[in-house]
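The following report describes the fold, the packing and selected local features of one protein chain. Please examine the sequence and the model shown here before reading on.

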Amino acid sequence: MNQDIIVGDEIYWQPEEQRVAFSTHWQGRQVPCFITQHRLEHLAGQQLADEANVILAFEQVRFDIEELVCERIEEEAFAPDGSISL
């Protein structure tokens, strides 16, 4: 588990964008984050057919996602709106 950031408990599947939306807390501020279904499938090592499987896979690789978000923050790879995309 990464101590620099904390991934919040609220996770939302956005089917139109084929991504999961979540937020992290970093240095006292909330950072909106997104991970594509494709990237999540790669991390989880399986195809994700529905929302329930997507959310379950997210939880299974949560710590890997935290590490990836931390790397993106360290790289200052923020989108113009301040979000991080994986």
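At 64% relative accessibility, Glu 76 counts as exposed, where exposed means over 50% relative accessible area, buried under 20% and partly exposed in between (1.4 Å probe, protein chains only). Glu 76 is not a glycine, yet its phi is positive, at about 55°. This residue is found in the loop between helix H3 (62-74) and strand S4; helices (H or I, at least four residues) and strands (E, at least two) are DSSP runs, numbered from the N terminus.

The model is predicted, with local features requiring pLDDT of at least 70 and side-chain atom pairs counting only at pLDDT 80 or more, whereas totals for chains, interfaces and linings use all residues. Residues are numbered from 1 along each chain as its sequence is written, and side-chain values use heavy atoms, with hydrogens and water left out.

**Backbone and strand pairing**

Gln 18 is another non-glycine residue with a positive phi, here of about 55°. Gln 18 lies in the loop between strand S1 (5-14) and S2 and is partly exposed, with a relative accessible area of 38%.

Strand S2 (residues 19-26) pairs with strand S3 (residues 29-36) in the antiparallel sense, over 8 bridges; two strands pair if DSSP finds at least two bridges between them. Within this pairing, Ala 21 has Phe 34 of S3 as its bridge partner. The hairpin of S2 and S3 has 2 residues between the strands, and Gln 27 takes a positive phi near 50° there.

S3 also pairs with strand S4 (residues 84-85), in the parallel sense and over 2 bridges. In this case Phe 34 stands opposite Ser 85 of S4. Ser 85 is partly exposed at 35% relative accessibility. Not counting residues up to four places away in sequence, Ser 85 touches Phe 34 and Arg 72, a contact being heavy atoms within 4.5 Å. Ser 85 and Thr 36 are 49 residues apart in sequence, and their C-alpha atoms are 8.0 Å apart in space.

The buried residues of helix H2 (residues 51-60) are Val 54, Ala 57 and Phe 58. They cover an arc of only 105° around the axis and therefore lie on the same side of H2; the arc is that of the directions from the helix axis to the C-beta atoms. The face of H2 turned away from the buried side carries the exposed residues Ala 52 and Gln 60. The buried residues of H2 pack against S1, S2, S3, helix H1 (37-44) and H3.

The largest nonpolar core has 22 residues, and those with the most contacts inside it are Val 20, Phe 22, Leu 40, Phe 58 and Ile 65. Such a core is a set of buried Ala, Val, Leu, Ile, Met, Phe, Trp, Tyr and Cys residues joined through side-chain atoms within 4.5 Å. The elements giving two or more residues to this core are S1, S2, S3, H2 and H3.

**Aromatic pairs**

The structure holds 2 aromatic pairs. Rings of Phe, Tyr and Trp (its six-membered ring) pair if their centres lie within 6.5 Å; planes under 30 degrees apart count as stacked, over 60 as edge-to-face and the rest as tilted.

| Pair | Centre distance | Plane angle | Class |
|---|---|---|---|
| Phe 22 and Phe 58 | 5.0 Å | 65° | edge-to-face |
| Trp 26 and Phe 78 | 6.0 Å | 40° | tilted |

Phe 22 in strand S2 and Phe 58 in helix H2 are 36 residues apart, and their pair links distant parts of the chain. Phe 22 and Phe 58 are buried. Trp 26 lies in strand S2 and Phe 78 in the loop between H3 and S4, so this pair ties together parts that are 52 residues apart in sequence. Trp 26 counts as buried at 16% relative accessibility, whereas Phe 78 is partly exposed, with a relative accessible area of 26%.

**Buried polar residues**

Ser 23, placed in strand S2, is buried at 14% relative accessibility. The side chains of Ser 23 and Gln 30 are joined by a polar contact of 3.0 Å; the term denotes a pair of N or O atoms within 3.5 Å, where within protein one must be able to donate a hydrogen and the other to accept it, and residues adjacent in sequence count only if both atoms are side-chain atoms.

Arg 62, in helix H3, is buried with a relative accessible area of 11%. Leaving aside neighbours within four places in sequence, Arg 62 is in contact with Val 7, Gly 8, Asp 9 and Ile 11.
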